[in-house]
Amino acid sequence: MKINILAVGNKMPDWVNSGYAAYINRLSHEITVKLIEIKPEKRNGTQQLQQFLNVESKRIRAAIPAGGRLVALDERGKQWTTIEFVNVITEWMREGNDVTFVIGGADGLHQDIKASANELLALSKLTMPHGLARVVLAEQLYRVVSVIKKHPYHRV
């Protein structure tokens, strides 16, 4: 199974890049994760929020790999415990399809992206910056693989 992370935002602070890399690099021999950064639409005073989201939605759609499962991150999505996430990822691995996680930009995701996703996933009930969501998702993927491989990283 290959995991793609489509993330709106292409100029992340160093702490985001370092945090993301710290977890993804640990996964390099366990599972393939590819980060695809989507250029955010420039905000100006004349456009409305839906216009920004429409443009970003088109960029996201163009970058989604064909086939596989689409998981949109949204604060109103399902909240899984780590073990529930392990079970979900294990099932997806059995199915053999690739998985693409989509992280929106500062204003979230267009409704059409959320509606077309196979799953809506909330990393927390708290709203967080999209850069931090990237790091949290990377850590959780590492944690899930650690549990699957019976590595002592995750402690119950």
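**Notebook: strands and helices**

**Entry 1, a starting pair.** I began at Arg-69, which stands opposite Val-99 in β4. Strand β4 covers residues 99-103, and β3 covers residues 69-78. The model is predicted, so I note that local features need pLDDT of at least 70, side-chain atom pairs count only at pLDDT 80 or more, and totals for chains, interfaces and linings use all residues. Residues are numbered from 1 along each chain as its sequence is written, and side-chain values use heavy atoms, with hydrogens and water left out. My element names follow DSSP runs, numbered from the N terminus: helices are H or I with at least four residues, strands are E with at least two.

**Entry 2, the sheet.** In what order do the strands lie in the sheet? I read β2-β1-β4-β3-β5, an open sheet of five strands with parallel pairing. (Two strands pair if DSSP finds at least two bridges between them.) β2 (32-38) and β5 (119-121) are at the edges with a single partner strand each, so one side of each has no neighbour in the sheet. On average, neighbouring strands are turned by 30° against each other, direction ignored.

- β1 and β2 pair in the parallel sense over seven bridges, and Asn-4 faces Lys-34 in β2.
- β1 (residues 2-8) and β4 are parallel too, over five bridges; Leu-6 has Val-102 as its bridge partner in β4.
- β3 and β4 run parallel, joined by four bridges, with Ala-72 opposite Val-102.
- β3 and β5 also run parallel with four bridges, and Leu-73 has Leu-121 as its bridge partner in β5.

Five of the five residues of β4 are buried, so the strand is largely enclosed by the rest of the structure. Val-99, Phe-101 and Ile-103 lie on one side, Thr-100 and Val-102 on the other. In a regular strand the side chains alternate between the two faces of the sheet. For β3, seven of the 10 residues are buried, so that strand is largely enclosed as well.

What does Val-71 touch beyond its neighbours within four places in sequence? I list Trp-92, Val-99, Thr-100, Phe-101, Val-102, Glu-119 and Leu-121 (contact means heavy atoms within 4.5 Å). Val-71 and Val-99 are 28 residues apart in sequence and 7.3 Å apart in space, C-alpha to C-alpha.

β3, α3 and β4 make a right-handed β-α-β unit; with the strands pointing away from the viewer, right-handed means that the path from the first strand over the helix to the second runs clockwise. α3 (residues 82-95) packs on α5 (residues 130-148) at an angle of about 75°, their axes 9 Å apart. That makes α3 roughly perpendicular to α5. (Under 35 degrees is roughly parallel, over 145 roughly antiparallel, 65 to 115 roughly perpendicular, the rest oblique; axes are lines fitted to C-alpha atoms, for helices over the stretch in contact, and angles run from 0 to 180 degrees between N-to-C directions.) Among the residues meeting here are Phe-85 and Met-93 in α3 and Leu-141 and Arg-143 in α5.

Last, I looked past α5, in the segment after it, where Lys-150 is found. Its phi is near 60°, a positive value in a residue other than glycine. At 74% relative accessibility, Lys-150 counts as exposed.

Notes: Buried < 20%, exposed > 50% of the residue type's maximum accessible area, 1.4 Å probe, protein only.
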